[in-house]
Amino acid sequence: MDAYNFGKLDMGEVKDFVQEAEELGVDTLLFGISKNLPDPLPVLGALSQVTDRIKFMLAYRPGLMTPTLFAQVVNTLSWMTDGRTSLNIVSGISPAEQAGYGDFLSHDERYDRCNEFLEVIRGFWEGESPLSYDGRHYTIKDASLGLSHKNGGRPQIYISGNSAVAQQTTIASGDCWLRYGDTPEAMAASTKPLLDAGRRVGTRMHVLSRPTREEAVAELAKLVRDPNEEHKEWVRQVVNSTDSEAVKSSFRLAESAKGEWLSPFIWTGAVAYRGGPALCVVGSHEEVAGYLHSYKAAGISEFIFSGWPTRDEMGNFFTHVAPLIRRLEAAEVS
């Protein structure tokens with residue numbers, strides 16, 4: 001789940017959020033990256049000192065720092081967190097935003113660089129030292145790092161994106177392909193090549209449950225009662241300028257939905273205001289648990305959830321929905 005909100009940083013609030021998540025039994029928190037968010041590296045470092053069990057998924061973009069320095073930073077974090085880190089590698093969603101960081105590569109060129117970036121950092125974690133590399137995007141000579149990843153090995157690597165090149169990058173250098181949501185039936189076909197290659201597949205969605213379906217749908221009406229049209233226009237402009245297949249495909253899904261419902265349990269009404277992650281699984285606690293469990297048959301084994309507001313829905317989900325999912329999983333093996 002997202003660890004902090006759009007456009008602000010209140011470390012006291014973030015600390016309270018993360019400690020509550022740890023108490024609820026949240027496995028991992030995603031620390032996103034965007035020009036509109038605080039940089040996740042110092043935030044994660046600070047939170048590593050006030051938590052004991054919860055894991056941190058660090059989103060970062062190849063091109064912002066050299067792979068040698070990035071491996072050094074991640075190795076340092078692995079010691080600060082006692083190995084509680086994973087990586088969400090994001091190649092960028094907007095040429096305009098990338099240009100602000102001095103990056104002018106096209107969509108596929110960014111993934112080409114991403115592959116080289118991952119080859120280098122995995123080389124460090126697989127024990128190559130000194131490491132030299134001569135690629136199209138990176139040239140490195142006799143690099144070595146005195147601090148290795150804690151306990152050896154490396155962090156799990158999640159590759160974000162809905163494009164074919166994102167899938168290929170996951171197969172080549174990642175552990176899990178992380179894509180925006182869709183129905184279980186629609187996801188099944190896209191997961192097969194990844195599963196056949198021995199990779200996992202995860203998805204990112206919103207979730208909203210209440211004791212009854214009627215209460216959940218009524219809550220949706222409250223959420224969109226006074227929509228922020230100015231923010232909607234800003235999102236529209238971002239979508240028009242993006243070269244991300246993940247972003248574009250989520251908006252196509254929303255446009256194809258009948259009456260804002262992609263399925264009886266997936267509501268698309270907030271996508272225009274909150275972007276691709278806002279495809280929302282909606283229903284009673286039992287309905288949401290059952291629907292999320294149905295993604296297992298489609299090859300989806302991991303979820304990143306968020307909600308409105310994130311903290312309230314996190315508490316609701318881990319109190320009422322997660323136990324039901326665990327029961328469904330236990331029934332499968334009993």
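**A colleague's note on this predicted model**

1. Thr183 sits in the loop between strand S7 (176–180) and helix H7 (184–196), helices (H or I, at least four residues) and strands (E, at least two) being DSSP runs numbered from the N terminus. With a relative accessible area of 11%, Thr183 is buried (buried is under 20%, exposed over 50%, partly exposed in between, with a 1.4 Å probe and protein chains only).

2. A word on the ground rules. The model is predicted, local features need pLDDT of at least 70, side-chain atom pairs count only at pLDDT 80 or more, and totals for chains, interfaces and linings use all residues. Residues are numbered from 1 along each chain as its sequence is written, and side-chain values use heavy atoms, with hydrogens and water left out.

3. The largest nonpolar core counts 87 residues, and Val18, Leu29, Leu58, Phe70, Leu292, Tyr295 and Phe317 have the most contacts inside it. Helix H5 (residues 107–125) gives this core its largest share, 8 residues. Such a core is a set of buried Ala, Val, Leu, Ile, Met, Phe, Trp, Tyr and Cys residues joined through side-chain atoms within 4.5 Å.

4. Helix H5 also holds Arg113, which counts as buried at 8% relative accessibility. A polar atom of the Arg113 side chain lies 3.2 Å from the backbone oxygen of Pro62.

5. Do have a look at the second largest pocket, with a volume of about 840 Å³. Its lining has 33 residues, and Asp27, Ser301, Glu302, Phe303 and Arg326 lie nearest its centre. Among the elements that give two or more residues to this lining are strand S1 (28–31), strand S12 (300–306) and helix H13 (310–333). On a 1 Å grid over the protein atoms alone, a pocket is an open set of points where a 1.4 Å probe fits, with protein on both sides within 12 Å along at least five of seven lines; lining residues have an atom within 4 Å of a point. Grid points are joined across faces, edges and corners, and the volume is the space filled by probe spheres set on the points.

6. The cysteines are quick to cover: there are 0 disulfides, a disulfide being a pair of cysteine sulfur atoms within 2.5 Å. For Cys114, the nearest cysteine sulfur is that of Cys176, 14 Å away. Cys114 is buried, at a relative accessible area of 0%, and Cys280 is buried at 0% too.

7. Two prolines deserve a glance. The peptide bond from Ser129 to Pro130 is cis, with omega near 0 degrees, and Pro130 lies in the loop between H5 and strand S4 (131–134). The bond from Trp308 to Pro309 is also cis, with omega near -20 degrees; Pro309 is in the loop between S12 and H13.

8. Asp82 has phi near 60 degrees and is partly exposed at 47% relative accessibility. Asp142, in strand S5 (residues 139–143), has phi near 50 degrees and is partly exposed at 46%.

Note on methods:
A polar contact is a pair of N or O atoms within 3.5 Å; within protein, one must be able to donate a hydrogen and the other to accept it, and residues adjacent in sequence count only if both atoms are side-chain atoms.
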